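Try each task before reading its solution.

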Amino acid sequence: MTRLALPIGRLRPHYDVVVVGSGYGGGVAASRLARAGKRVAVLERGREFVTGEFPSRFPELRQELQVSGRRMRTGSPAGLYDVRVGEDMHVLVGCGLGGGSLINAGVALRPDPRVFHDRVWPEEIARDSLLDEGYSRALTWVRPARDPLAAGRTKVKALARSGVALGKEPVAAPVVVSFEDTVNAAGIAQPGCRHCGDCCGGCNIGAKNTVALTYLPDAVQHGAEIFTLTRVHHVARTQDGHWQVHFERLEEGGPAAPTSVSADIVVLAAGTLGSTEILLRSREQGLALSGRLGHGFSANGDIIAFGYGGKVPVNAIGLGHPPKVEGIDVGACVSGQIEVVDAADLSQSLTIQEGVLPSALAPILPVLFLPNGRLLGALKSLIAGVYKGPFAHLQTFFAVSHDSASGRLVLENDGLALHWPSAKDEAVYRRLDAMLEALVQQVGGSYVKNPLAGTLMGHQPATAHPLGGCRIGRERADGVVNHKSQVFDGCPGAGAADVYEGLYVIDGSIMPRSLGANPLLTVTALAERAMIHLARDRGWRFDPAPRTRETPIPVAAPGLI
Ligand SMILES: Cc1cc2nc3c(=O)[nH]c(=O)nc-3n(C[C@H](O)[C@H](O)[C@H](O)COP(=O)(O)OP(=O)(O)OC[C@H]3O[C@@H](n4cnc5c(N)ncnc54)[C@H](O)[C@@H]3O)c2cc1C
Ligand code: SF4
């Protein structure tokens, strides 16, 4: 596919709209506002990856790994896999054009309706029916589907054997994967899935319906301009009522380039960590905001864990493209899941998904598991390759549930830090440990909660579903944005529900609680809903309909680059 991003020299001094970040929230905003005929720029800190450029070998994966924590940082600040090592919890997020969609498993679930009955949500969300419209548009654009052959996949059969322990049978999981050749909602041709399992490493086939293959090309087709390697630091209000977006370039040795751009409207869509950090820095620079900024961080009751040494074959190590071995059919990263619904107590409901580790990790898996004393088994795998021996029996589990959303994001030593000292004591982890242990033991394996526990990763919980920090509220005292995603004005004298004109946050950071479902569909739905409100408030119109035929990406005019 043609590249979407433009060189920074093409950045204009002013846009109608600047969108910061290019995950689900940013993609929706850029597409809808470009369709409304607005001049839109997207600023993304990561690089653009076109299909085929995702790491497929360990040295490439290592180059794309950035790890940062209190007083430490390794790897490129534009590395695709962004690991934040925390004292209370670790967080993994995506960094690249397309955000988390590039490296997620693509499971697209709508939360239990009871999640939206919680009074933390402003009444308008339930009342105005636009949430349903948001989900409907999201489904049209990211197109979740169930693998028609899910039940026959070895890893799903293994989950079925394990599920006996809970008296539960797995069902096929909806994932944003095209299982057949198709032309997607943006008019981009996508080949069908090859079942290589590498979705979390990055799909080198182009079958995963990422934001980079859907909303972002749609935005470009409607005139949006995208700039990568551009990390936004803070936003400030100008004297004339515009917004100035201040950024730094992450391109080493790049041309001298502007370091700020102005806009009538700024949409912060830098993800839970990114948008909260930008607003915390903006507050340091004088922007008055809600005192709730940074509060209410949730890990979505999310964990990744393993079953090692089980008696049943699993085949849940990705094959990559071209496949590293022949004769094994893995399936998409997630094909099946076990749903545990507690009708009396929402907080006890959870979903356990079987998952696949990316093929680029294959050579180091034995090493990862060595500290846990499985030397003999691991050596056997080193010799036979991880596609045979004990690693062919390795079960990987992703689970989502509910937590108390009581973490707090703060600025510390010029970086973002997560404070949640009681995180490891959250009841959800005990419940999930007990269930996962039962699943693993059912097939004769041992439960490995964290193979990296002996390293700098310690025993803290980890999440790939960070939520909150700029949560939705009714007024400034209980939220950072209102139900339309407009940022509350914290200036002295401002009314409790007054908002800044033209400043929005539209991403996972606005969630006021755990969802108990993988977040991508809800982030997308609330972004679609916010766009409907934004357009209505200004009398703008856009057509959200998908393309019906293949549509080329406009190539930047020669000489302009
Ligand atoms: C390994 C993994 C597996 C997952 N699996 C699933 C799954 O199966 N289903 C599911 O629903 N969810 C899954 N998730 C989570 C899901 O991908 C996220 O919830 C989702 O991407 C959040 O969307 P967002 O728009 O809030 O932000 P993101 O998708 O995180 O996008 C934010 C973007 O902003 C950019 N950015 C950050 N800071 C700045 C800055 N200062 N300046 C400019 N740009 C910035 C980032 O680089 C990123 O591109 C997974 C995540 C991971 C990491
Ligand atoms: S299984 Fe492979 S081909 Fe299919 S979506 Fe995932 S990475 Fe792409």
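## Exercise 1: helix α12

Helix α12 has 19 residues and reaches 27 Å from its first C-alpha to its last, close to the 27 Å expected at 1.5 Å a residue. The expected span is 1.5 Å times one less than the number of residues, and helices here are DSSP runs of H or I with at least four residues, while strands are E runs of at least two, numbered from the N terminus. Before going on, note that this is a predicted model: local features need pLDDT of at least 70, side-chain atom pairs count only at pLDDT 80 or more, and totals for chains, interfaces and linings use all residues. Residues are numbered from 1 along each chain as its sequence is written, chains are lettered from A and ligands numbered from 1 in the order in which they are written, and side-chain values use heavy atoms, with hydrogens and water left out.

Task: find how many residues of α12 are buried, and what comes just after the helix.

Solution. 
- Step 1. Buried means under 20% relative accessible area, exposed over 50%, and partly exposed in between (1.4 Å probe, protein chains only).
- Step 2. In α12, 16 of the 19 residues are buried, so the rest of the structure largely encloses this helix.
- Step 3. Just after α12 comes Gly 539, with a positive phi of about 70°.

## Exercise 2: helix α1

Task: work out what the buried residues of α1 pack against.

Solution. 
- Step 1. Helix α1 has 12 residues and reaches 16 Å from its first C-alpha to its last, close to the 16 Å expected at 1.5 Å a residue.
- Step 2. Of its 12 residues, 12 are buried, including Tyr 24, Arg 32 and Arg 35.
- Step 3. These buried residues pack (contact means heavy atoms within 4.5 Å) against β1, β2, α5, α7, β15 and α12.
- Step 4. Gly 37 follows α1, and its phi is positive, near 90°.

## Exercise 3: ligand 1

Solution. 
- Step 1. Oxygen atoms of ligand 1 lie 3.0 Å from a side-chain N or O atom of Asn 104, 2.8 Å from a polar backbone atom of Gly 508 and 3.1 Å from a backbone N or O atom of Pro 519.

## Exercise 4: Arg 281

Task: is Arg 281 buried or exposed, and which side chain does it join in a polar contact?

Solution. 
- Step 1. Arg 281 lies in helix α8.
- Step 2. Its relative accessible area is 7%, so Arg 281 is buried.
- Step 3. The side chains of Arg 281 and Asp 414 are joined by a polar contact of 3.0 Å.
- Step 4. Leaving out residues up to four places away in sequence, Arg 281 touches His 233, His 234, Leu 411, Asp 414 and Gly 415.

Notes:
Polar contact = N/O pair within 3.5 Å; in protein donor to acceptor, adjacent residues only side chain to side chain.
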